[in-house]
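The sequence and structure are shown first.

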Amino acid sequence: MPQKVTTTAQLECDKGTKPSQLAVTSQDFCKAGDKLIATEQDAKPNENIMPFGNCKAKYNQACTPQTQKWDKTTQNDEINGLKIVLETSECICKTGGKITIINKGHSGKTEAE
């Protein structure tokens, strides 16, 4: 069963030249391993999802994420009505890249659910 993703999770874009890190801003009380759990709302460019170095889809110009939402999130498990991001979730960038999780950001159990 895929695990939940938290702040500091490592992200990778198939069009980017380096990994990035996820920042959770959608909620401030549900945690896993003392880190906030990400929800589908944590997809804002340059707030939740930082640049991935250079963008191969833009001839190696600086990456400027143009993300909209996380796909493949939880079906029934939610935090404040928001679906939870899983280690198998994906986020599509309008530039053409697919963002995936390469490290879920924690190793502990979920708290406050």
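## Terms and basis

Buried means under 20% relative accessible area and exposed means over 50%, with partly exposed in between, using a 1.4 Å probe and protein chains only. The model is predicted, so that local features need pLDDT of at least 70 and side-chain atom pairs count only at pLDDT 80 or more, while totals for chains, interfaces and linings use all residues. Residues are numbered from 1 along each chain as its sequence is written, and side-chain values use heavy atoms, with hydrogens and water left out.

## Salt bridges

The structure holds four salt bridges, each being a side-chain nitrogen of Lys or Arg within 4 Å of a carboxyl oxygen of Asp or Glu. In one of them, Lys98 pairs with Glu90 at 3.6 Å between the closest N and O atoms; Glu90 is buried at 16% relative accessible area, whereas Lys98 is partly exposed at 33%. Through salt bridges that share partners, Lys72, Glu90 and Lys98 are joined into one network.

Lys4 and Asp77 also form a salt bridge, with their closest N and O atoms 2.9 Å apart. Lys4 counts as buried at 15% relative accessibility, and Asp77 as partly exposed at 30%. A further salt bridge joins Lys69 and Asp71 at 2.9 Å, N to O.

## Cysteines

A search of the whole structure finds zero disulfides, a disulfide being a pair of cysteine sulfur atoms within 2.5 Å. The closest cysteine sulfur to that of Cys91 lies in Cys93, 8.0 Å away and too far for a bond. For Cys93 the closest cysteine sulfur is in Cys13, at 6.0 Å, which is also too far for a bond.
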